[in-house]
Amino acid sequence: MAAPLPAVPSGAGRAAQPAGGVAGSPRPPPEPPGGDPPPSPPDRRKKKEDNILEIPSIPNPFPELCSSPFASVLSASLLPKATSRKKQVLKVYSEDDTSRALEVPSDITARDVCQLLILKNHYIDDHSWTLFEQLTHTGLGRAIEDHELVMEVQSNWVMEEENKLYFRKNYAKYEFFKNPLSFFPDHMISFPSETNAAVSHAGILQMFLSSSTYPEIHGYLHAKEQGKKSWKKLYFLLRRSGLYFSTKGTSKEPRHLQFFCEFSNSDMYMSLTGKKISGAPTNYGFCFKPNKSGGTRDLKQLCADDEQSRTCWMTAIRLLKYGMQLYQNYMQPYQGRSGFSPLNITPMRSISENSLVAMDFSGHRSRIIENPTEALSVAVEEGLAWRRRGCLRLNSHGSPIAMSNMAIHRSQSWFHHKISREEAQRLILQHGLVDGVFLVRDSQSNPKTFVLSLSHGLKIKHFQIVPLEDDGKLFYTLDDGHTRFTDLIQLVEFYQLNKGVLPCKLKHYCSRIAL
């Protein structure tokens, strides 16, 4: 965790006071042995003042502010003191590689930078914005914690490398506080021997944040040997004292455990390039980089067999390194919320899940449609009627024309035109592998179709959206025509409210923001 900068003395930055015992003023020269004081130099200030014309004093138009007994309200001690906080220029990039330069104090945190960009760009603050550090030369990246000092992060960069700070959303930043069971699978976590009963939702969090007990994370990882290009598969254990590996199979005996790394003076990064640079056996790499690193030779590189394993290791190490500070970062946006219990951490439901239900207003009295089949047919019928009304426009000659539904989706933030499957997976991974993170893209294998890329269960799945033509009309479907939609907007809106054939509802879309 980055240490706060030392406080600036209150007298720093001010001009030196005249001699007379004030701290910081030059000492008078010692008296000569004879005892007579040295001759004083001529008073230059008085001579200079004699040449200045004396300006008559202007009467105070508001004497009551100075002579009133309430004048102490405006005393200097209660006015905000001018601080000498040094300001620096910070350059932040967005997903489309546009950038914005900000003049910020040297002790600004990552959360403050995000709040500043949210205000300047009029974005909605849903507590998922984050500042992302990307080391271009080594192909590594990490989400900077909200409490970290950004200028201290930049001070660890090598001048020759073109490293960047990105402003983006990360829905998985604190997801483990809401749903810890999905982040720590049973086969990778073991609890202290005194814990006999099954550990509850809040119990896992309390054990991770407790100073006395800590769950043990264990499993196989590939480790790159120092000074070599080869990788070796070893059995690792994460304990409060650090990360260890066993020299004899899966043995946990102290004589077989060898220390690998501790985290107080290093930061954890995720590999963004997979096997390309490091030659790792899988695409799920991460590493530890010392704060004052001399280069790639100081990296301690690891590689997991799958995304679930990597997420478990990295989440546990974050909790071990930062502890309660992470919990405070997570709770800060909710501090003023009434009725919010610190340990009652449940996933926040969206507005659509809480309040939107299918309604029928065709009769004299409205009613809630409880039959799912009826609700689906009503939704499709209303969607078709809305599209028929909304797609009629006037052209430049004043005659009504029907707008094509083929390109109506291109203005949506969730649609990404002509990106590859690998690029879609990278974009979803950047936004966090939370259930419901999605995007829609063109299909590369079939130019006439589209693909819905969706995150679920720490995996990214792809569903083909097929166009169907019926009675001269074009529809889109995900389930072989059982549910049809006139365009992609209607399809996305439907699956935001209904799971249907998908493993979960669509919740968070991936977008390329511009600064």
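Helices here are DSSP runs of H or I with at least four residues, strands are E runs of at least two, and both are numbered from the N terminus. With that settled, take Leu-302, which sits in strand S13, residues 300-304.

Two notes on the source. This is a predicted model, where local features need pLDDT of at least 70, side-chain atom pairs count only at pLDDT 80 or more, and totals for chains, interfaces and linings use all residues. Residues are numbered from 1 along each chain as its sequence is written, and side-chain values use heavy atoms, with hydrogens and water left out.

Back to Leu-302. Is Leu-302 buried or exposed? Buried, because its relative accessibility is 1%. The cut-offs: buried is under 20% relative accessible area, exposed is over 50%, partly exposed is in between, using a 1.4 Å probe and protein chains only. Contact, throughout, means heavy atoms within 4.5 Å. Setting aside neighbours within four places in sequence, Leu-302 contacts Leu-221, His-222, Ala-223, Trp-231, Phe-236, Leu-243, Phe-260, Gly-285, Phe-286 and Phe-288.

Now the cores. A nonpolar core is a set of buried Ala, Val, Leu, Ile, Met, Phe, Trp, Tyr and Cys residues joined through side-chain atoms within 4.5 Å. The largest one has 41 residues. Which residues have the most contacts inside it? Phe-177, Phe-184, Ile-217, Phe-236, Leu-238 and Phe-288. Helix H7 gives the most to this core, with 8 residues. Look at Ile-217. A second, separate core has 26 residues, among them Leu-102, Val-113, Leu-131 and Val-150.

Next, helix packing. H7 covers residues 307-322 and H8 covers residues 324-331; they pack at about 100°, with axes 6 Å apart. Axes are lines fitted to C-alpha atoms, for helices over the stretch in contact, and angles run from 0 to 180 degrees between N-to-C directions. That makes H7 roughly perpendicular to H8. The classes are under 35 degrees for roughly parallel, over 145 for roughly antiparallel, 65 to 115 for roughly perpendicular, and oblique for the rest. Arg-318, Leu-319 and Tyr-322 of H7 meet Met-324, Gln-325 and Leu-326 of H8.

Arg-318 turns up again with Lys-173. Lys-173 lies in the loop between S5 and helix H5, 175-178. Lys-173 counts as buried, at 5% relative accessibility. Its contacts, leaving out residues up to four places away in sequence, are His-127, Trp-129, Thr-130, Asp-146 and Arg-318.

Last, the aromatics. Rings of Phe, Tyr and Trp (its six-membered ring) pair if their centres lie within 6.5 Å; planes under 30 degrees apart are stacked, over 60 edge-to-face, and the rest tilted. How many aromatic pairs are in the whole structure? The search finds 23. Tyr-93 and Tyr-166 form a tilted pair, 6.0 Å centre to centre with 45° between the planes. This pair links distant parts of the chain: Tyr-93 is in strand S1 (residues 87-93), Tyr-166 is in strand S5 (residues 164-169), and they are 73 residues apart. Tyr-93 is buried at 16%, and Tyr-166 is buried at 7%. One cluster to finish: Tyr-174, Phe-176, Phe-177, Phe-183, Tyr-327 and Tyr-330.
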